Amino acid sequence: MEALNRRLRAEHYKKDQVEQKARNLRAGVKGEESLEFTLSFLRDDSLQILHNLRIRDQNEFFQIDNLIPSTKFILINEVKNIAGTVIYDEFGQAIRVSKNGNEENLGNHIEQVNLQHIRLLEWMRNNNYTGIPIEKLIVHSNPATIIKNPANNRAVTDTIIHKEQLLTKIDAFVHKHNAQVLSIKQLNHLSSLLIKAHTPKEVNVLEKFEIHQNDIMCGVFCPGCGALPMMRLKGCWICLQCQLVSKNAHLPALKDYFLLFGNKINNREARRFLNVESQHVVKRILHKEGFEFTGNTTKRFYFLPF
C-alpha cells in the first residue's frame, strides 16, 4: 500500500482512498509494534506470544492481532491504534470523536473480539484441544487515546484497556486460572499448530483499487529530498533538485516494483521502471546486485529477492 501510495500521482482519482488505506495500515502496524515492546517485559515461560495469526476455518479466514497461549488459558488481544476520543455505548459500539468534533462509527469492537473467540474455540476443538479457557481484550496502543464508557457497560470495563494495563491484566488472568490445563509440551504443540495453520494474506493492490500499470510513476526517488526522477550518470544516481549523488538509490525503486508487480523483472521492464534508456546500463545494475536470473538475452528474467 505504501509503494502504491508513493507512486500514484497526486491528481489520480483514487489517491485519497489509497493514501487513507496506507495510513490506516501503518497505524495498525505501529500499534502492534508498541504492544510488542510492552509484552517484552513478560517473564513467565508458560506464556507464549504469537503475532498476526490468519487462520482458515469453515468460514474462510479469521485474523488475530496478538495471541498469548499459556498452560492455563489463552488470551486474544485485538489491538487498536486510534487517535482522539473513543466512546463506547451500551452495546459496545465504538464512536470516535475527532478534535473538530466529528463522529465516526468504528464498529463494535466487543462483538469483533467475541467472534474471534468463537472461531478460535471451534478451530481448537477441531484440532482436539478442548477445555482451555479463552480470555479476550481490546487493547488501545495509543497512550493519548481517551476511552469513555458513559453507559457504564460492564463488558467495556472488563474488556477494553490501554496497553499500559496489559501486563496487570495478564497477571490477573494468571491468578484467576489456577489449574494447569496444558503441559509445556502440549503448549508448544498447540503453538506449532497455530503457526502451521497461519496463512499470510496476499493482496494485489493494483487489482484491488482497479489501478492500471500506466498510472504508476516510474523512476528513482531521491533518498535526500524525495524528488523524482533521479538521473543515471557515470555509474551513479544524481538528483537534479538537491544534487545528491547515490550509488544504490535504485534499490528502493526495485523494491517498489517487487511489491507492486512481483519478484520477476526483465531488462525492458527495469529500463521502464528505473527510467533508464540504455539496456547495457540496466544489465550492469542488475548484475552488480547479484540478482539470480533465468534465461538468456531477451528471454532473461531476474528474481528480486526483497
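**Exercise 1. Determine what share of the chain is buried, and describe its overall extent.**

Solution. Of the 306 residues in the chain, 41% are buried, where buried means under 20% relative accessible area, exposed over 50% and partly exposed in between, with a 1.4 Å probe and protein chains only. The model is a predicted one, in which local features need pLDDT of at least 70 and side-chain atom pairs count only at pLDDT 80 or more, while totals for chains, interfaces and linings use all residues. Residues are numbered from 1 along each chain as its sequence is written, and side-chain values use heavy atoms, with hydrogens and water left out.

The next step is to take the secondary structure, which comprises 10 helices and 15 strands; these are DSSP runs numbered from the N terminus, helices being H or I of at least four residues and strands E of at least two. The radius of gyration is 24 Å, well over the 19 Å that the globule rule gives for 306 residues, so the chain is more spread out than a compact globule; the radius is taken over C-alpha atoms, and the rule is 2.2 Å times the number of residues to the power 0.38. Along the principal axes, the C-alpha atoms fill a box of roughly 70 × 50 × 35 Å.

**Exercise 2. Locate Asn-128 and Pro-229, and state the backbone feature of each.**

Solution. Asn-128 lies in the loop between α3 (109-126) and β7 (134-140). Its phi is positive, at about 65°, although Asn-128 is not a glycine, and with a relative accessible area of 70% this residue is exposed.

Pro-229, for its part, is found in the loop between α7 (205-208) and β10 (231-233). The peptide bond that joins Leu-228 and Pro-229 is cis, with omega about 0°.
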